[in-house]
Amino acid sequence: MTDVVLVTEELAAPAIGMLTADFEVRKVDGADRPALLAALAGADAVIVRSVTRIDAEALAAAGRLRVVARAGVGLDNVDVPAATARGVLVVNAPTSNIVSAAEQAVALTLAVARHTAAASAALRAGSWRRSAFTGVEVHGKTVGVVGLGRIGVLFAQRMAAFGVRLIAYDPYVQPARAAQLGVRLVSLDELLRESDFISVHLPRTPETLGLIGEKELAEVKPGVRIVNAARGGLVDERALAEALADGRVAGAGLDVFETEPLTSSPLFAFENVVVTPHLGASTVEAQDKAGLAVAESVRLALRGEFVPDA
Ligand code: MLT
């Protein structure tokens with residue numbers, strides 16, 4: 001009997017092509033919970049991105065499942081301990097989209113500094129407003145990177161080209177390593193007090209959820225601009241909206257949200273907030289890399305072969 005690979009979100013065409021050569025590929029909308037649970041019952045492997053929740057309930061519905069593959073970096077939507085307890089292998093593609101994610105954070109930083117999205121929307125609506133959209137340079141500013149992992153490092157390296165002063169908060173990174181990158185390690189408090197721009201690059205875990213909340217936003221340098229292209233909830237959305245309303249935060253670039261998909265939010269009301277629908281990994285290059293990496297891992301796992309780290 002041919003093994004069934006269930007694909008629950010958009011996956012690059014070359015990856016689908018590779019899988020169809022060996023397996024029956026079925027598709028379902030991972031956001032449609034009843035349809036997902038029904039489809040999981042017949043799946044030997046499932047490939048997800050960030051919307052599909054593979055939790056204990058989903059695993060219980062998936063009696064034949066042997067592999068959960070995440071076509072991307074984060075595993076926050078997969079209950080890894082529950083999968084492991086059932087003997088289900090979990091694989092991801094940890095480096096597939098790190099460049100794309102870092103570039104998205106740079107793009108949001110510049111877009112927030114220069115009001116790109118609001119000015120574009122105003123002009124399309126027939127309004128040629130120049131002074132209303134006067135921005136700031138990033139050159140000479142202090143950029144605080146929260147989380148100096150793979151993506152944080154790539155973001156910092158790219159921002160260095162703009163002539164910024166780089167500081168970072170990451171308790172797991174050695175000061176010497178940061179110094180090599182031209183980054184000064186500081187406490188979170190210092191980072192909040194000193195940064196003109198803050199960009200967050202952390203996974204979503206119980207420790208990082210709400211890391212930048214009401215208390216932290218009360219400590220920021222007035223006029224700071226905040227970017228989150230990592231995971232929703234790391235910056236508390238309600239507290240951010242309050243800080244934007246009272247002007248303490250001068251702008252924000254948000255690619256991710258506490259709950260996704262999301263089509264309305266109090267944050268959308270602010271002209272100085274740029275929002276995108278979780279597009280950090282949505283480039284042709286990243287999707288090809290992520291798709292092919294997990295397709296290969298799924299192929300090896302379903303054949304009972306060793307699956308090396310992607
Ligand atoms: C990731 O964790 O790699 C991304 O969020 C993937 C995605 O865009 O689904």
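First, the ground rules. This is a predicted model: local features need pLDDT of at least 70, side-chain atom pairs count only at pLDDT 80 or more, and totals for chains, interfaces and linings use all residues. Numbering starts from 1 along each chain, as its sequence is written.

Domains next. The protein chain splits into domain 1 (4-96 + 284-302) and domain 2 (98-275), with bounds from an automatic or database domain assignment. Their C-alpha centres are 31 Å apart. Nine residues of domain 1 contact eight of domain 2; contact means C-beta atoms, placed from the backbone, within 7 Å. On the domain 1 side, that makes four nonpolar, three polar and two charged residues. Nonpolar is Ala, Val, Leu, Ile, Met, Phe, Trp, Tyr, Cys and Pro; charged is Asp, Glu, Lys and Arg; the others, Gly among them, are polar.

Now the sheet. Five strands form an open sheet, order 2-1-3-4-5, paired in parallel. Strands are DSSP runs of E, at least two residues, numbered from the N terminus; helices are H or I, at least four. Pairing takes at least two DSSP bridges. Strand 2 (24-27) and strand 5 (89-92) are the edges. Strand 1 (residues 4-7) joins strand 2 through four bridges. There, V5 stands opposite V25.

Notes: Contact = placed C-beta atoms within 7 Å.
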